[in-house]
Amino acid sequence: MFSLDLPICATCGNQFGNSPPPTTCPVCDDPRQYVPASGQSWTSLRKLQDNSEKKYHNEIVQVPNEPDMYSIYTVPQISIGQRAMLVKTKEGKNILWDCITFIDDDTVQRVKDLGGIDAIVISHPHFYSCNVEWGKAFNCPVFLADADKDWAMRKDLGIQHFFTEKRLKLAEDVQAVVVGGHFPGSLVFAWKNEHLLVADSIQIVLSGLGERERLPGTVMFTFMYSYPNMIPLDPDSILGIWDAVKDLQFNQVHSGWPGRVVKPDGKLKILESAKLIVQAMGYTQHTMLDQQL
Ligand SMILES: [Zn+2]
Ligand SMILES: [Zn+2]
């Protein structure tokens, strides 16, 4: 049932549509990512599933205090180690926000036991992973931003829908929102007027974790063009991200990696962090600095 032998970049976890793959992975050979010093290497679902030494498997963990939200991630970590998040909407739909590389029969069965998946939407190309495999396994569409279409290393237009809307409504209380920044089509995911699920355009930093009061001037989020190469976003792009989320209602912000949540007042903390970072770049005047909740 899976395309077991299609190449997967070992660094970013993206599955490619053709074998042999190119000399280097275009997603990694880009200022936002990196090709490791040991050089480009490839794996495949077959190699990952059959790895008797590492015994990869997916954890499916209910988010504490959230009965309709499950974090799905691979142990031990593969490539960049992100999680996907399965949410159940009040209409009874299951939507997968973001995606991971590893999938096997056991994962499919356990997700089916939770009701399966009705739609997948992915934040940006670093997380495209094995999206076609996931879409096929659950016979559901995969929504990707059209602005980032060229970064999909495996295309299957029977499964993937490249959308051009700024906001994609997936259910009554669920929408994916283009915020740009890290990639032109980078998305966040708003759910139940309470949760904002983010990936790399808005990233939680360590000071943001834990439900606690923080001193003024504490940065809890950052907004980077590249994380591994530490290339910041410019102030206009940070303002663009803020403009895209400022009218959304949310309190909790969930990171693209397991277990990282900022609450309460996630929106206020995004605003405060954006201002602090723009000021740290040396700006004393910028429209971002005039923003209020
Ligand atoms: Zn790669
Ligand atoms: Zn990224």
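This is a predicted model: local features need pLDDT of at least 70, side-chain atom pairs count only at pLDDT 80 or more; totals for chains, interfaces and linings use all residues.
1. A residue counts as buried here if 20 or more other C-beta atoms, placed from the backbone, lie within 10 Å of its own. In helix H4 (residues 235–245), that applies to Pro235, Ile238, Leu239, Ile241, Trp242, Ala244 and Val245.

2. Residues are numbered from 1 along each chain as its sequence is written.

3. Now to what H4 packs against. Its buried residues meet strands S11 (174–178), S12 (187–191) and S13 (195–197), as well as helix H5 (266–280); contact means C-beta atoms, placed from the backbone, within 7 Å.

4. Do look at the H4 and H5 pair: the axes come within 10 Å and cross at roughly 170°. That makes H4 roughly antiparallel to H5 (the term covers angles over 145 degrees). Pro235, Ile238, Trp242 and Val245 of H4 make the contact with Ile270, Leu271, Ala274, Ile277 and Val278 of H5.

5. On to the sheet, which is open and mixed in pairing, with six strands in the order S10-S11-S12-S13-S18-S19; strands pair if DSSP finds at least two bridges between them. S10 (167–171) and S19 (261–262) stand at the edges with a single partner strand each, so one side of each has no neighbour in the sheet.

How values were computed: Chains are lettered from A and ligands numbered from 1 in the order in which they are written. A residue is buried if 20 or more other C-beta atoms lie within 10 Å of its own, exposed if 12 or fewer, and partly exposed in between; C-beta atoms are placed from the backbone. Helices (H or I, at least four residues) and strands (E, at least two) are DSSP runs, numbered from the N terminus. Two residues are in contact if their C-beta atoms, placed from the backbone, lie within 7 Å. Axes are lines fitted to C-alpha atoms, for helices over the stretch in contact, and angles run from 0 to 180 degrees between N-to-C directions. Angles under 35 degrees count as roughly parallel, over 145 as roughly antiparallel, 65 to 115 as roughly perpendicular and the rest as oblique.
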